[in-house]
Amino acid sequence: MSASKGSLIKEELQDEGGLLSLEKLDRASPDLWPEKIPGITDFIAMSNTPIRTPAAEWSRGLSQEDMAAITQLSSLPPNALIMEIKNIYDEAYQLGISEAKEMTRGKYLGIFNNAKKK
């Protein structure tokens, strides 16, 4: 039985020999993509601050409140975002109705006629 075990091990070693590569790989590979600024990778690795990227064109002119609102909306799940959009749409609709009423009221009171005469 031990002889058959030994022969099985020899057969396995012979089979693995067919998969063995004798090619020597040089581990000191050349820089295929050299750094644009030498040493920047090491500097970034030791720095705790994130890389500063210029602000996107769409974000220029936005206040901190605007950016906070965008961040809050971006963290919502899709269904909650849809509900928030519907709420904003409803508010805009109500403001439109209110504005139309006030414009009609202003016309009846002659507010706009007085402004033209001055």
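E102 forms a salt bridge with R105, and their closest N and O atoms are 3.4 Å apart. A salt bridge here is a side-chain nitrogen of Lys or Arg within 4 Å of a carboxyl oxygen of Asp or Glu. By this rule the count comes to one. The model is predicted: local features need pLDDT of at least 70, side-chain atom pairs count only at pLDDT 80 or more, and totals for chains, interfaces and linings use all residues. Residues are numbered from 1 along each chain as its sequence is written, and side-chain values use heavy atoms, leaving out hydrogens and water.

**The salt bridge in its helix**
- E102 and R105 are three residues apart in helix α4, so about one helical turn separates them.
- E102 is partly exposed because its relative accessibility is 44% (buried is under 20%, exposed over 50%, partly exposed in between, with a 1.4 Å probe and protein chains only).

**Helix α4**
- Helix α4 covers residues 78-109, 32 residues in total (a helix is a DSSP run of H or I with at least four residues, numbered from the N terminus).
- From first C-alpha to last, α4 reaches 46 Å, close to the 46 Å expected (1.5 Å times one less than its number of residues).
- G110 follows α4, with a positive phi near 75°.

**The nonpolar patch**
- M103, L109, I111 and F112 make a nonpolar surface patch of about 370 Å² (residues with over 30% relative accessible area and no salt bridge, nonpolar side chains joined within 5 Å).
- Helices α4 and α5 (111-117) each give two or more residues to this patch.
- F112 lies in helix α5.
- At 34% relative accessibility, F112 is partly exposed.

Terms used. Patch = residues over 30% accessible without salt bridge, like charges linked within 9 Å, V, L, I, M, F, W, Y side chains within 5 Å. Areas by Shrake-Rupley, 256 points an atom, 1.4 Å probe, with all protein chains shown as cover.
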